[in-house]
Amino acid sequence: MKESRRKMSNVCGRSRVCWSKLPGGILFKISKHLKTRHNLLAFRHVCSKWRKRSLELPENLLSFNTPLPKTIKHSFKVLPFHNVVGPLVLQVSNIYLITRFGNANNEQCLRPSLIMAEELNPGKIKVRHPLTAKRVKNLPSFLDLTRFKLLMLAQGYSFKSSDCVHKVLLCASSASSIDVLVLYYKGFLGKLSLVKLGHDNSAVSSDEDEEEEEGELCYRWENFKVRQGGVLRFMYLDDVAIFRDLYYGVDRRGKLYVIGTESMSVVNTRVVISEPLCRGDIPSHRKKRLVVDQATEELYLVVRENVREAQKVRFKVYTFNDKGKRWDVVENIGLERVLFIGLDHCFFALARHFEGCDGNCIVFAANCFTQYNGRDAPDRCLFGDEGIEVGVYRFGEGDNFSLLSFAFPEFSRIVSSTWFSTRFDFRTLDTFCYCCYMLVNIISELYLLYMS
């Protein structure tokens with residue numbers, strides 16, 4: 001601590017500016033622009049004044065910039081996608097790849113793992129299967145945090161206690177309000193605004209210099225306008241995604257639209273793909289999925305085609321051609337990449353992160369391409385009685401589908417870990433990092449408080 005103060009004194013002497021004397025209002029505004037929990041911890045560690053005048057550390061761990069979860073109390077105005085009497089909870093879930101640091105004597109103990117971390121209550125994290133979203137119950141009782149590192153692959157939002165919501169996208173977020181797009185039921189779209197009201201029933205300002213004022217949380221609901229100027233743009237949407245800071249929606253026929261979140265209508269100048277992929281009124285019996293590759297900044301459309309044989313599957317993947325305003329067929333995604341399709345998340349990852357994976361494949365969960373007719377278990381014949389319903393489709397010729405456990409056994413153990421087996425003995429130390437993210441943050445915070 002003395003060394004830290006000496007360095008601070010030297011910096012202040014050279015620049016003739018003492019940063020610890022900055023006004024409290026400026027310090028608070030600066031702290032509000034910090035994007036990660038680690039940066040805020042470092043900011044608060046500078047001196048006691050910076051710690052006192054900075055933004056308080058949020059209780060939630062997975063959504064630093066958006067204070068979630070949020071609970072919407074049941075009222076006389078029932079939301080169209082929430083028919084259950086009781087609160088509706090907006091929550092966040094992240095997909096993490098947990099890998100080891102360096103080499104270890106027991107490689108079996110340090111096998112990488114892919115998990116979904118879900119924060120329902122602030123500071124309390126549930127672990128789920130990354131693709132099927134099934135709850136993980138058998139967790140290791142011993143964790144050596146020095147052996148693991150964490151890589152976040154995807155982040156998504158959802159509602160607890162609502163069974164007809166397909167997708168939730170964050171539109172805007174501040175200390176006093178949150179706006180989310182909600183895709184629900186057959187493919188309807190709407191916007192839910194959560195606004196914090198002050199004591200005088202006016203919206204609390206997010207530009208206050210000091211701590212935010214407490215207020216009651218209320219909500220507003222706005223339906224998406226499918227008709228503009230008497231023209232019906234579409235009936236239903238299959239999926240929505242954020243791509244290059246714009247909000248896109250694809251309908252059942254494969255037409256792509258830019259969605260104006262303020263007007264809640266299609267942006268007239270940005271009907272980017274008007275030529276349908278599918279002809280006729282019923283193009284397919286399954287919903288299509290949009291996937292954004294953050295590394296290459298490309299937008300993909302994944303279509304699971306109709307196949308008569310119950311134990312076969314076939315996919316078509318398209319990439320968005322912005323200049324030509326069309327979908328271009330993708331013959332393969334490359335040996336260096338894997339495309340994951342789950343119930344809640346769709347994302348790309350590097351094949352080198354997964355042992356035993358050849359790449360150029362789609363790894364997907366059962367029933368993640370929802371049927372329009374609403375059948376609950378259409379993939380029962382395809383996956384059989386497997387406990388973890390995950391399959392792999394490899395680009396190329398012939399019958400390309402198989403269960404992931406048969407095609408890539410080592411890769412399968414990363415996606416479907418032995419946590420899901422009630423016969424697993426934790427004394428083998430096959431430990432994965434259920435609470436690595438949470439504990440590392442807590443330990444870091446305690447360390448910085450101790451040093452200060």
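**Labels and their grounds**

Visitor: Why is Arg413 called partly exposed?

Guide: This is a predicted model, and in it Arg413 has a relative accessibility of 30%. Buried means under 20% and exposed means over 50%, so Arg413 falls in between and counts as partly exposed.

Visitor: Why is Glu410 called partly exposed?

Guide: Its relative accessible area is 34%. That value also lies between the limits of 20% and 50%, so Glu410 is partly exposed.

Visitor: What makes Arg413 and Glu410 a salt bridge?

Guide: Their side chains meet at 2.3 Å, N to O. The limit is 4 Å, so the pair counts as a salt bridge. Both residues lie in helix 7 (residues 409-415), three residues apart, which is about one turn of the helix. Elsewhere, salt bridges that share partners join Lys167, Asp239 and Arg289 into one network.

Visitor: How many salt bridges does the structure hold?

Guide: There are 14. One of them is between the side chains of Lys288 and Asp238, at 3.0 Å, N to O. This pair links distant parts of the chain: Lys288 is in the loop between strand 15 and strand 16 (289-293), Asp238 is in strand 12, and they are 50 residues apart.

Visitor: Why is Lys288 called buried?

Guide: The relative accessible area of Lys288 is 1%. Buried means under 20%, so Lys288 is buried. The value for Asp238 is 4%, so Asp238 is buried by the 20% limit as well.

Visitor: What makes Asp379 and Arg286 a salt bridge?

Guide: The N to O distance between their side chains is 3.7 Å. The cut-off is 4 Å, so the pair is counted. Asp379 lies in the loop between strand 22 (361-365) and helix 5 (380-383), and Arg286 in the loop between strand 15 and strand 16, 93 residues apart. Both Asp379 and Arg286 are buried.

Visitor: Which strands make up the open sheet of four, and in what order?

Guide: The order is 12-13-14-15, with antiparallel pairing.

Visitor: What makes strand 12 and strand 15 edge strands?

Guide: Strand 12 (237-243) and strand 15 (265-266) each pair on one side only.

Visitor: How do you know that strand 13 and strand 14 pair?

Guide: Strand 13 (residues 246-251) and strand 14 (residues 256-260) share four bridges in the antiparallel sense. At least two bridges are required, so these strands count as paired. As an example of a bridge, Tyr248 has Val258 in strand 14 as its partner.

Visitor: Where does Thr261 lie, and why is Thr261 called buried?

Guide: Thr261 lies in the loop between strand 14 and strand 15. Its relative accessibility is 14%, and the limit is 20%, so Thr261 counts as buried. Leaving aside neighbours within four places in sequence, Thr261 is in contact with Cys171, Leu181, Lys191 and Tyr247.

Visitor: How many aromatic pairs does a search of the whole structure find?

Guide: The search finds 27.

Visitor: Why is the pair of Phe234 and Tyr257 called tilted?

Guide: The ring centres are 5.1 Å apart and the planes stand at 50°. Stacked requires under 30 degrees and edge-to-face over 60, so this pair is tilted. Phe234 is in the loop between strand 11 (231-232) and strand 12, and Tyr257 is in strand 14, 23 residues apart. Phe234 has 6% relative accessibility and so counts as buried; Tyr257, at 3%, likewise counts as buried.

Visitor: Why is the pair of Phe340 and Phe347 called stacked?

Guide: Their centres are 5.0 Å apart and their planes are at 15°. That angle is under 30 degrees, so the pair is stacked. Phe340 and Phe347 are both buried.

Visitor: What makes Arg252 a charge over a ring?

Guide: The charged end of Arg252 sits over the ring of Tyr372, 3.9 Å from its centre. Arg337 lies over the face of Phe348, at 4.5 Å from the ring centre.

Visitor: What is the mean pLDDT of the protein chain?

Guide: The mean is 76, and 72% of the residues reach 70 or more. Over residues 205-213 the pLDDT is below 50, and over residues 418-452 it stays under 50.

Technical notes. Residues numbered from 1 in each chain as written. Predicted model: local features only at pLDDT ≥ 70, side-chain atom pairs only at ≥ 80, totals over all residues. Heavy atoms only, no water. Buried < 20%, exposed > 50% of the residue type's maximum accessible area, 1.4 Å probe, protein only. Contact = heavy atoms within 4.5 Å. Phe/Tyr/Trp six-rings, centres within 6.5 Å; stacked < 30°, edge-to-face > 60°. Lys NZ or Arg CZ within 6 Å of the ring centre and 35° of its normal. pLDDT = per-residue confidence, 0-100.
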